[in-house]
Amino acid sequence: MELRGFTRASDEGAAEAESSLATAQLVFAAGASVRRYDWYRERSYLEQLVVEEGSIRLDRLTRGAPLLNTHNAWSLEAQLGVVENPSIASGEGVCDVTFSRRDSVAGYVQDVADGIIRNVSVGYVRHRVEMVPPAADDGEWLYRVIDWEPYEVSLVPIPADMDCQVRGTEAQAPAGVEVAQRTFPCEFIEIRSQPASPTVGASAAISILKEPSMPQASAGGAAATTDQQRAAPAGVAAAPAAAPAASGNAVADATAAAGQRAADISEVCARHNVAHLAAGLIRGGQSVEHARAAVLEELALRDAASGGHRNVRIETVTDEMATRLAGLEQAITHRVAPGTALDDNGRQYRGMSLLEMGRDLLEAHGVKTRGMERMQLASAILTFRSGGMNTTSDFASLFANVANKRLRNVYDENPGTYALWARRAPNAPDFKNISVVQLSGAPELLRTNEHGEFKYGTMNDGAETYGIVTHGRIVSLSRQAVVNDDLRAFDRMVTGFGASARRLENRLVYSQLTGNPTMSDAEQLFSDAHKNVATGAPSALQFSALSAGRTAMRLQRGLQGEELNLAPGYLIVPAALEQTAYQLTSSNYTPAKQADVNEFRAGGRTSVEPIVEPILDAVSASAWYLAASNSQVDTVEYTFLDGAEGPVIESEIGFEIDGVSYKCRHDFAAKAVDHRGLFRANGS
């Protein structure tokens with residue numbers, strides 16, 4: 001890498017050494033792509049700094065940003081020099097640097113002069129980034145930084161961009177050769193205040209400064225040369241020295257032209273919603289034509305980032321057939337459940353019979369139904385399938401959607417009593433057995449003397465297992481029902497499925513109480529070993545029996561023998577004991593003497609909520625149960641299959657039957673997981 005343009009003060013004369021500093025020219029940005037990682041989106045990407053007018057904010061570099069040693073911004077000792085005269089040329093960001101005269105910097109200056117230190121890096125802040133997706137699935141994203149601001153320039157051993165290096169200017173004059181120079185008088189326009197137009201470097205207040213002429217220096221008859229003249233501010237033309245009287249008019253014209261150019265550029269950028277480009281284009285002195293080209297380039301990049309050519313892309317927003325099916329579905333649902341709201345789409349099908357709806361659907365698919373008899377039309381309706389991957393008829397799918405909505409409404413309107421006291425477990429992911437692990441309480445804390453050693457304790461656990469079971473039935477919608485427009489039968493079928501699903505859940509949960517299953521400890525749920533069962537005449541539902549049951553629950557112990565101090569929260573009784581249960585728990589009871597005080601009443605300190613379930617009568621009309629709140633301890637839990645939280649209806653065209661078959665499927669399971677929060681009294 002050839003180093004040119006590096007100058008150093010000569011050793012002759014202390015005054016000359018004090019007045020001259022070492023300088024060099026650096027390339028701090030060349031637009032290369034650097035691989036980085038996006039931690040927020042968890043993907044790698046290529047970052048590209050856009051090096052063009054309007055993309056780089058050079059204000060900090062212009063004001064004298066630091067030249068650092070490998071981006072070390074924590075100490076003034078790490079500053080090697082200062083950055084000056086930044087510019088953008090031929091797709092590169094270039095700047096001059098002046099090195100410090102400190103002794104600690106002298107070694108770095110010598111390495112730069114010798115070509116040892118060549119690599120350059122820039123520290124910057126990103127203000128606007130375009131994320132361009134990859135063309136292939138296995139490609140990398142491109143992040144184009146279209147608005148960024150350099151904060152410092154550093155000399156580094158390994159740069160991110162290998163094209164950013166120390167670069168020279170013109171070769172220096174040979175040693176010992178004296179170059180003749182002279183300067184001519186020149187008038188400069190100095191800007192003192194900001195005008196109304198956004199032109200950078202223009203002003204309404206103008207003063208003329210004259211640089212005095214210098215005597216011509218001669219050396220060996222060398223031809224006279226001119227020094228580089230100072231340029232006037234952007235958008236303002238320098239007045240010629242020969243016509244000082246006309247300089248005022250020229251400046252006014254230049255200022256007006258610059259203001260008009262700035263206004264045109266701002267208008268073009270604002271019209272195309274790229275106003276962020278305006279400042280850079282105006283500051284860089286670009287023409288309006290160049291600004292239009294920059295705006296077109298920006299719009300093209302945005303178009304590519306969003307997928308390209310959105311003005312010619314065809315997208316299906318709403319399919320006409322889907323809209324028709326939605327209207328038919330809404331009209332059928334309204335006939336089955338009049339409380340369903342109708343919009344304009346469903347209202348147009350409100351007065352149609354099932355055959356008329358089916359005829360409209362077939363005609364929309366291009367099927368000619370003219371001349372079809374009613375039974376033939378019904379067969380065509382039930383068996384027609386539109387193009388695509390449908391495995392059943394459109395009309396059968398339509399009825400399946402109606403059935404599922406109606407089923408869900410009925411199912412939600414009839415909750416089972418088990419939900420009041422049993423605990424819902426998280427959904428089961430599959431049909432494998434579910435293991436419910438129970439941990440004991442923490443071990444008792446033991447006294448430890450001064451300088452004594454802490455002793456280890458253990459925690460015991462237990463487990464119950466159960467699995468999801470599928471239940472279901474199939475019923476049919478016949479062709480005759482379609483011809484007869486008999487939606488009442490269809491509605492009764494659907495609502496019947498919803499009620500039967502709730503009854504199934506009730507039976508499965510309460511079977512854990514009435515079936516007295518064997519637990520993982522080989523003992524039955526209600527047993528003398530578990531100390532949660534009462535028998536004989538004293539167990540009949542009465543105040544004394546309730547007190548005995550509460551005492552039994554209070555004395556229950558955990559897996560390590562720890563006290564649990566449980567209290568009953570629910571009194572579960574068959575229909576035969578409903579009146580007695582209400583009397584014992586009524587808040588209207590007023591005791592005549594102290595012995596009659598009943599704390600099981602509503603508002604009492606151990607009040608219980610009565611739950612009446614007729615399913616229990618089929619097993620025993622005298623047995624009753626106490627259950628603790630599932631927030632205190634596990635009792636019975638139930639679960640659904642993940643993705644099927646309730647009954648689901650599916651349809652299929654029948655071959656053996658003349659119609660459509662509807663299958664209702666329900667995946668549900670329940671299991672008693674702990675005996676400590678349950679108590680049973682046989683009542684006899």
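The expected span of a helix is 1.5 Å times one less than its number of residues. Helices (H or I, at least four residues) and strands (E, at least two) are DSSP runs, numbered from the N terminus. The model on display is predicted, and local features need pLDDT of at least 70, side-chain atom pairs count only at pLDDT 80 or more, and totals for chains, interfaces and linings use all residues. Residues are numbered from 1 along each chain as its sequence is written, and side-chain values use heavy atoms, with hydrogens and water left out.

**Stop 1: helix H14**

Select residues 543-554, which form helix H14. The 12 residues of H14 reach 17 Å from the first C-alpha to the last, close to the 16 Å expected at 1.5 Å a residue. Now colour the buried positions (buried means under 20% relative accessible area, exposed over 50%, partly exposed in between, with a 1.4 Å probe and protein chains only). In H14 these are Ala-545, Leu-546, Ser-547, Gly-549, Arg-550, Ala-552 and Met-553.

**Stop 2: Glu-505 in helix H13**

Next, select residues 487-514, helix H13, and pick out Glu-505 within it. Glu-505 counts as buried because its relative accessibility is 0%. Display its contacts (heavy atoms within 4.5 Å). Leaving aside neighbours within four places in sequence, Glu-505 touches Tyr-411, Tyr-418, Phe-640, His-666 and Phe-668. With Tyr-418 there is also a polar contact between the two side chains, at 2.4 Å. A polar contact is a pair of N or O atoms within 3.5 Å; within protein, one must be able to donate a hydrogen and the other to accept it, and residues adjacent in sequence count only if both atoms are side-chain atoms.

**Stop 3**

Select residues 141-155, strand S8. Strand S8 is largely enclosed by the rest of the structure, because 12 of its 15 residues are buried. Its pairings come next (two strands pair if DSSP finds at least two bridges between them).

- Strand S3 (residues 43-49) runs parallel to S8 and is joined to it by five bridges; the bridge partner of Gln-48 in S8 is Arg-144.
- Strand S4 (residues 66-69) pairs with S8 in the parallel sense over three bridges, and Leu-68 stands opposite Ser-154.
- Strand S7 (residues 120-132) runs antiparallel to S8, with 12 bridges between them; here Val-122 faces Val-153.

**Stop 4**

Move to helix H3, residues 103-113, and select Val-112. Val-112 is buried, with a relative accessible area of 2%.

A search of the whole structure finds zero disulfides (pairs of cysteine sulfur atoms within 2.5 Å).

**Last stop: the whole chain**

Finally, show everything. The chain has 15 helices and 25 strands. Of its 684 residues, 39% count as buried. Among contacts with a separation of 6 or more, residues 24 or more positions apart account for 71%.
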